[in-house]
Amino acid sequence: MSQALLREIIDYANRANPYPLYEELRKTPVSHDGDGPYVVSTYYEIHSLLHDPRISSDAKNLKATGDDLLGDQSDEEGTTLPPSFLKLDPPDHDRLRRMTNRPFGPPHAPHRVHDMRDELGGLVTGLIDGIRETGQLDRIDLVDQFAYPFPVTVICRLLGIPREDEPRFHVWAETLAASLDPDPDADPTKRGKGSMDARMELGMYLAGLIEERRKNPGDDMLSQLATADGPDGAMTTMEALSTSALLLIAGHETTVNLITNGMLTLLRFPDVLQRLREDPDLAVPIVEELLRYEPPVQLLPQRTTLSDVEVAGVTIPKGASVWLMLASGNRDPKRFEDPDRFDPDRKDIQHLGLGSGIHSCFGAPLARQEAQLALSELARRLENPRLLEDPPQYRQNSVLRGPRHLQVACDGIRG
Amino acid sequence: MTGAGTHDGSLERLKREGRIVVVGASLAGLRAAETMRDKGFTGSLTMIGDEPYEPYDRPPLSKQVLLGNAVADHTALPRRRAIDADWRLGVPATGLDMGARRVRLGNGDEVEYDRLLIATGVRARPWPNPEEGALKGVFVLRTRDDGEGLQRALAAGPRRVLVIGAGFTGSEIASACRERGLDVTVAERGDAPLVGALGGVIGAVAAEMHHENGVDLRTGVMVTSLEGDPSGRVRAAHLSDGSTVEADVVVVSLGAQRNTEWLAGSGLGAGPRGIACDAGCRAFDVRGIVTDDIYVAGDVARSPHALFGYQFLSLEHWGNAVAQADTAAHNMLSESADRRPHLWVPAFWSSQFGVNIKSVGVPPMGTEILVTQGSLAERRFAAVYGYQGRMIAAVTFDNCRWLPFYEQQIESTAPFPPPFSTVDRRPEGAKPQPADFPDPSVPTHGPTITLSGYSPADRKMTFTPGR
Ligand SMILES: Cc1cc2nc3c(=O)[nH]c(=O)nc-3n(C[C@H](O)[C@H](O)[C@H](O)COP(=O)(O)OP(=O)(O)OC[C@H]3O[C@@H](n4cnc5c(N)ncnc54)[C@H](O)[C@@H]3O)c2cc1C
């Protein structure tokens, strides 16, 4: 069993700068070694697989036999939450995503994200004021003091989860995010048990809240998911639970990295930071370029083939595991001119940072707005900010990649 | 100068000071003009259009405009760039002198060209009885004026609307009427709506959509005559099954006719099926010889397509007009070695009864159909069409995200039935069934794609070589 490739991708030594490895990978658009996954690293191949109906997001299809494809899809053990729509295929995926979208985005809730702007602004201001009040400007941890609490508070408000409970579900969220990170050395049963326990505890916690919202619905998404009754009917309790768990975890783990990677990059490119300080509207193209250049989700490790699929001359057999290396595709010179350059003036920027196809990031409009606001406000208010540690200390996770801490200093904080 | 063509500088001169005339100042005409300027054409550019308006967009006319969500005179096409043209609007071209390279206009003017682009499109097929067609309350829908007139008639709250023909446009009109809460009857000669374009299997789904939305759908019937009241307003229609429908608005939606009459006698290969051209958009003359200075694009063109057996295709597709215009404009200003073929894969969209319909490829060529994803009953599906063991087209209802995949399959001449499984494959997708297109020799409401090549089996022609 040789899984050298897999080991290299998750090797922590590559975390601070995985891009040379990706460049190496792209020499073979579809690599495969031993009984490991098929690793797809080039832009056009990834893009086409993301739009290919022969690719499944449902782990049940791994090494599946043809017979059960049209047969009934009986559930796993009922001891934990059922898979969220992230790990489902149509039609279940489509139905749940549609129902989740009703209270969140157009056409039924076109203003939801936009209307949160003032609230988001208030949170950002409060957090930066908080940093100022500590009086310690020679060592600020932008992760702990800003990039983490901001999106977490936002997702709690959006869902209607008491912010005070955050320390409890933070542990569950971390465990679940870590379970996304493939680790060939970990004991799979032990790891599986750990994440199952975390899912169950989170599920029970959310079940209590949903129960309560059914009795006293509010304007939050949890209430709406619990009580919704649109053309697709209502969600079952289990569906509402796994959907809200998904939103909570995704809202927890990704925007933090987008903001942190963003500040890190801006501090490495002071001229761009200066431009943003003078023109907050530049945050829009900057965030797009960041999603290409340093995407918070580096790869999608959970696709499987329903049929033999030929990609770039390689036949990926039915039932194989496929890893889509989004961050590598984003730096593919066949797609982007001078891809290793951070260039917010790039015109043609159809990146893979938020995925593409039916599973493209559900929270994208919110994530974009949060990151735009956060970066433009940090740029505006921090006086002469500088990195104290470059590269910073990264988190273990190779899928959800980002610094664990981002130590910076500044001369002052503007009002 | 680039390319391996004649290096005598004539192309340079054409680009710098040539005269280019575009007849048909709408979607294809405008996009071609923009491309020409983009390519550095600095000579004189004349845009001739018989409508008095600057180029506008037609798809909203049967959708947003009829719903009252958009105003007909606010559908002007966005400009990609300034084109600095001499606009001759409200004047039709009435003739072409190929030898003298001159276009004659309805007001007696003549315009000379070095290169001519014809993009005169199609017009709505009128009600065959002109007197009945002239009754007040009888409409067709092709132009901005048509759209505005019909929207006003609908806003006035007629007791019943009759739509004759259940193609895409007719179905969209019926959908808009229902959304406005108006009673509507649809009369269709075929067995179902959309059969000409998508076949009977999909037609049955479309029929359900009509029924569920409260449309009074009559299929397998023809409207034989329209009846007016003493004041000249339409009041009823008589059907071939002996029934009568009382309606105060009637929309004739019987497909389109190519605007080629003005070319009669010019020697250009233009007729009721459109203007034949090669894959590079160069028009043929009546002898089948390709011209080098006359190009065609958009709904009026019929061109051979390598992917579809070099059949001549006439497309009434928005995207085709844009792509073909771009290719024509490029080729008009290129040496022969630099010319590009127009090999656009036909693609079409429609929206009706809240459902988004899209297709790629040439469905009417298909003999079989297979539902690969989703289900017809849920009206959320993808289906592919097969022709002689090949995938030749695909259609989606509320499932267009997968269409690019099928397009790519069609482009790579993938086998039919498809040998792969997909997500959301249902039992009904286990076996292909006949696609159930009506006999193509029987006219329907207009399929939006016409296969207009003669088959060698047709034996319609006699061969009489010249002296
Ligand atoms: C109501 C409606 C809805 C539609 N919806 C869709 C849709 O949903 N999806 C889709 O893909 N397509 C749709 N279409 C089709 C699409 O609009 C056409 O494919 C497109 O307009 C073709 O562009 P064109 O420039 O070739 O022709 P046209 O837009 O027809 O333009 C030709 C122009 O030339 C003018 N002309 C004709 N003869 C002469 C002459 N002798 N001298 C001067 N000018 C002349 C005409 O008056 C017209 O202005 C729709 C069309 C209509 C009418």
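## Thr305(A) and its surroundings

Leaving aside neighbours within four places in sequence, Thr305(A) is in contact (heavy atoms within 4.5 Å) with Arg54(A), Ile55(A), Asn61(A), Ile316(A), Pro317(A), Lys318(A), Gly319(A), Ala320(A) and Val322(A). Thr305(A) lies in strand β5 (residues 300-305) of chain A; helices (H or I, at least four residues) and strands (E, at least two) are DSSP runs, numbered from the N terminus. With a relative accessible area of 1%, Thr305(A) is buried, where buried means under 20% relative accessible area, exposed over 50%, and partly exposed in between (1.4 Å probe, protein chains only). The side chain of Thr305(A) reaches the backbone oxygen of Pro317(A) at 2.6 Å.

## Basis of the values

This is a predicted model, in which local features need pLDDT of at least 70 and side-chain atom pairs count only at pLDDT 80 or more, while totals for chains, interfaces and linings use all residues. Residues are numbered from 1 along each chain as its sequence is written, chains are lettered from A and ligands numbered from 1 in the order in which they are written, and side-chain values use heavy atoms, with hydrogens and water left out.

## Helix α13 of chain A

Helix α13 (residues 270-278) of chain A has Val272(A), Leu273(A) and Leu276(A) buried. These residues are on the same side of α13(A) because they cover an arc of only 100 degrees around the axis, the arc being that of the directions from the helix axis to the C-beta atoms. Pro270(A), Asp271(A) and Glu278(A), on the other side of α13(A), are exposed. The packing partners of the buried residues of α13(A) are α12 (237-268), α14 (283-293) and α16 (364-381) of chain A.

## Salt bridges

Over all chains the count comes to 58 salt bridges, each defined as a side-chain nitrogen of Lys or Arg within 4 Å of a carboxyl oxygen of Asp or Glu. Asp345(A) is partly exposed, at a relative accessible area of 39%, and Arg275(A) is partly exposed at 34% relative accessibility.

Asp144(A) and Arg404(A) also meet through their side chains in a salt bridge (3.3 Å, N to O). Here the partners are 260 residues apart, Asp144(A) in helix α7 (residues 142-147) and Arg404(A) in the loop between β10 (386-387) and β11 (407-409) of chain A. In the salt bridge of Lys27(A) with Glu24(A), the closest N and O atoms are 3.2 Å apart. Lys27(A) is exposed at 62% relative accessibility, whereas Glu24(A) is partly exposed at 47%.

## Interface of chain A and chain B

Chain A contributes 16 residues to the contact and chain B 14 residues. About 1400 Å² is buried between the two chains, 63% of it on carbon and sulfur atoms; buried area is the accessible area (1.4 Å probe) that two parts lose on being put together, summed over both.

The rule finds 1 salt bridge across this interface. The side chains of Asp94(A) and Arg401(B) meet in a salt bridge at 2.9 Å, N to O. On the side of chain A that touches chain B, β3 (55-56) and α4 (92-101) each supply at least two residues.

Note on methods:
A polar contact is a pair of N or O atoms within 3.5 Å; within protein, one must be able to donate a hydrogen and the other to accept it, and residues adjacent in sequence count only if both atoms are side-chain atoms.
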